[in-house]
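Here are some friendly notes to read alongside the model. Please keep the structure open and find each residue as you go.

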Amino acid sequence: MQFASQSGEQGQPPPVNPAAQIDSLFEAPGPLLAGLIFVSIGAALTALKTGEPLVWACVAFLVLAGSVRAIDLRRYQARKSNVTAEAAKRWQTRYQIGAMIQAAAIGTWCGTTLLATDDAVSHMIALSVTTGIAAGGAGRAYGRPSIFHFQAVLIFTPAVLALAWRGTPYYIAMAVVSAAFLLAIMQLSANLHRIFMGAVVARERESALAGQFDTALNNMPHGLCMFHLDGQLAVMNHRFAAMMSLPDNLPQSGASARDIIAACVKAGAISAANGEQIIAGLESSRENEIITVDTNIERNRSLSWTVQPMADGGAVLLLEDITERRNAEAKISHLARYDDLTALPNRVNFRDEIEHLLAVSHDAGQLSALLFIDLDQFKQVNDTLGHPCGDQLLCAVANRLREMLRPEDFVARFGGDEFVVFQQNLNTPEDAAALARRIVERLSERYRIDNHLVEIGASVGIALTSPDGTSADTLLKNADMALYRAKADGRGTFCFFRDEMAATVEARRILELDLRKALANEEFELFFQPLVNLKSGKITTCEALLRWNHPVRGTVSPVDIIPVAEDMGLIVDLGRWILRRACMECMKWPESVSVAVNFSPQQFHQRDVLSEIRYALEVSGLPAHRLEIEITESSLLRNTQLTHDILSQLHALGVRISLDDFGTGYSSLSYLHNFPMQKVKIDRSFLEGIDADRPLTLLRGVARLSADLGMSVVVEGIETNEQLELISADGTVTEGQGYLFSRPVPAVRIRQLLNASHGRRMPDDQLALVSSRSA
Ligand code: C2E
Ligand code: MG
Ligand code: MG
């Protein structure tokens, strides 16, 4: 572990606490006091021995100075615990003054004794006491060597000068020795000071490092215990104790790893088994690198224990709370395998699961079925009631499916309105059919969603496992094909997969490929069929109808092309091509003739339909009033407001809208009223059995209503003169379209027809001629 600050080693040493230095001056007052007494006694002896008054005066000075210092020392001892840096400075000054006065007193006494008396014993006492005091001072005042040096000079200089003054060789020699001694003790005190300073700095640095270590240890997010080589606890941080709910009074010194883990188990933070695992990890950590033990406890916490061996043979035990990480991982993995909305398994999960179930049922020789379910009319619910209702409906469907299944069956949501059920261990295929039937019935029952009563249907495709083994992918593909057929069969039903379905799907796949190529290679062509004004007999509009002349397939009907192109999403590109080509062709016709272009619902609801139409008019130069867009009722079902807006904008642009195939869909008369449209094309199915009264009455009713609403009325599919006469008799139908006038013909042909019809009313026999020629 690296500690944040290493400044003590590399940069400046940490500042030395001034109180620590003052302490060294005042510490051990015993020797100092003893020295004071010793020097006072020595002085008193010399005074007694010589009777010299000057010496007696020195004794008095010494006793007085010594007493003041002794009192000062006591006062410092009493207050030293709360000495501030400021106070430390004052104490130092006091010490210095006291020491100087004392030193001056000793020096004066020694010098006076040597000069004013001739008593050799007194000389010896004075010199030896002075030397002893100086030597003692060197050992005590190392904290402030400058003080001591000054003190030593004050003590010794009078003695050295007095010895030299006496002038005899022995005294001069003593003066030299004393001077050398003075220098030696000054040097000694300087050395002691250096050693002392080193020790003080080291101690300060050590305590700073210990403080940093402590802060780091107790602020780390991990719990930590450090063990010595002998397994005894060296350090434990607060986090560890808190995470393990250890009692505050847990004895730590001398505790072994086992004691600590046992305390964790006792506190209920880990299980006994987990405790053993951790102990084993700690014991083996000497050989191994790092071991990690995960503990899961009742409090739903996940803890990770890591044992890291240390260089000196000890080990560090790190404890991390990984609950949040584990929960996040679990959530991500749940999201990846379950559908967020219904909480059912998703596609990935289902595939993995049935791969396994298939293997089991194959080994047991069981029959299983995969049911692919698709909701009918779900899209309409979503579009009309909004997505939140659609979501609630999907949840309700998921619940119904869950309730219907046996525990061993498996249901998943594949996205959108697709659900899949895997039914295991069937006696006969009839079991699968029975379940499919129940699913269709149950899902078709009414739902109550947000105070709306909603009805939808369901179609089911069933694929059975084969005794030779079937892969999950094949089963899914087959069930999907069967579903496709069930939907084609009118929805609300189920269908078993049969081998020939694969051929149909393959054919469709090839058709899709061909269609893409055809669009790229412009293999499509537009045919045009005229709409004739029944009064004037003139061609007012020509409807563009798509044709595809395939080298092998022959002429392919738009009825086969358009739905496939819609499914493939190709309709937008194809529609754009048709629209531009139709507009350009119309530019070649007489000005009074318009062009009608069919728009499929998907094409009509593309985001930029308006700009597409504007652009087609712009590039072709066709005036907007010569373009008619044919939409069917299904285009009006979706997003009513948006549809209304688009139609209004088209209307504002000058483009006409006609409602195609009226009478085949919902035939809702409200559409005629609610949307801005200019034309209604009544589907040719109205002409079937027109000679009977009922359809004719119906046709006339719709025609009259539309006319009253200001719309022109077209009847499609007029094939005979009788039909034409019946329709024309009433006078409400404005235009007619049908083989009687002309079949859809290529662009070149329509131009000839227009030239022929334009400018004059076409007599009936000529119309018939037109029709027979174009046929
Ligand atoms: P639609 O828009 O109703 O077009 C009229 C259809 O009726 C045409 O079939 C036309 O050939 C046929 N028809 C016209 N007069 C008679 C008649 O007297 N008797 C009979 N039996 N049929 C008649 P077609 O060309 O096969 O087109 C079928 C449908 O395909 C169209 O119905 C239209 O919905 C769609 N379609 C055709 N071309 C396009 C296109 O370019 N885009 C889109 N989106 N759909 C198109
Ligand atoms: Mg049409
Ligand atoms: Mg039509």
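**Notes on the metal pair, salt bridges and surface**

1. Let's begin with the two metals. The magnesium ion (ligand 3) and the magnesium ion (ligand 2) are 4.0 Å apart, with Asp660 coordinating both. Before going on, please note that this is a predicted model, in which local features need pLDDT of at least 70, side-chain atom pairs count only at pLDDT 80 or more, and totals for chains, interfaces and linings use all residues. Residues are numbered from 1 along each chain as its sequence is written, chains are lettered from A and ligands numbered from 1 in the order in which they are written, and side-chain values use heavy atoms, leaving out hydrogens and water.

2. Which residues hold the magnesium ion (ligand 3)? Asp660 (OD), Asp661 (OD), Glu716 (OE) and Glu716 (OE) coordinate the magnesium ion (ligand 3) at 2.0 to 2.6 Å. Donors here are N, O and S atoms within 2.8 Å of the metal (3.2 Å for Na, K and Ca), and water is not among the atoms, so sites may look incomplete. Along the sequence, the donor residues of this ion show the spacing D-D-x54-E. Two distant parts of the chain are linked in this way: Asp661 sits in strand β18 (residues 656–662), while Glu716 is in the loop between β20 (712–715) and α27 (721–730), 55 residues apart. Helices (H or I, at least four residues) and strands (E, at least two) are DSSP runs, numbered from the N terminus.

3. Asp661 counts as partly exposed at 25% relative accessibility, whereas Glu716 is buried, with a relative accessible area of 10%. The cut-offs are under 20% relative accessible area for buried, over 50% for exposed, and in between for partly exposed (1.4 Å probe, protein chains only).

4. Glu543 is buried, with a relative accessible area of 3%, but Asn598 counts as partly exposed at 26% relative accessibility.

5. Glu630 forms a salt bridge with Lys681, and their closest N and O atoms are 2.5 Å apart. Lys681 lies in strand β19 (residues 679–682) and Glu630 in strand β17 (residues 627–631), so the pair ties together parts that are 51 residues apart in sequence. Buried or exposed: what is Lys681? Lys681 counts as buried, at 0% relative accessibility, and Glu630 is buried too, at 1%. A salt bridge means a side-chain nitrogen of Lys or Arg within 4 Å of a carboxyl oxygen of Asp or Glu.

6. How many salt bridges does the whole structure hold? A search finds 36 of them. One of these joins Arg351 and Glu355, with 3.1 Å between the closest N and O atoms. Both residues lie in helix α13 (residues 347–363), four residues apart, which is about one turn of the helix. Arg351 counts as partly exposed at 27% relative accessibility, as does Glu355 at 33%. Another salt bridge brings together the side chains of Glu430 and Arg437 (3.6 Å, N to O).

7. On the surface, look for Ile37, Ile41 and Leu45, which form a nonpolar patch with about 290 Å² of accessible area together. Patches are made of residues with over 30% relative accessible area and no salt bridge, with like charges joined within 9 Å and nonpolar side chains (Val, Leu, Ile, Met, Phe, Trp, Tyr) within 5 Å. Accessible areas come from the Shrake-Rupley method with a 1.4 Å probe, and for residues only the protein chains shown count as cover. Ile37 is in helix α3 (residues 29–50) and is exposed, with a relative accessible area of 53%.
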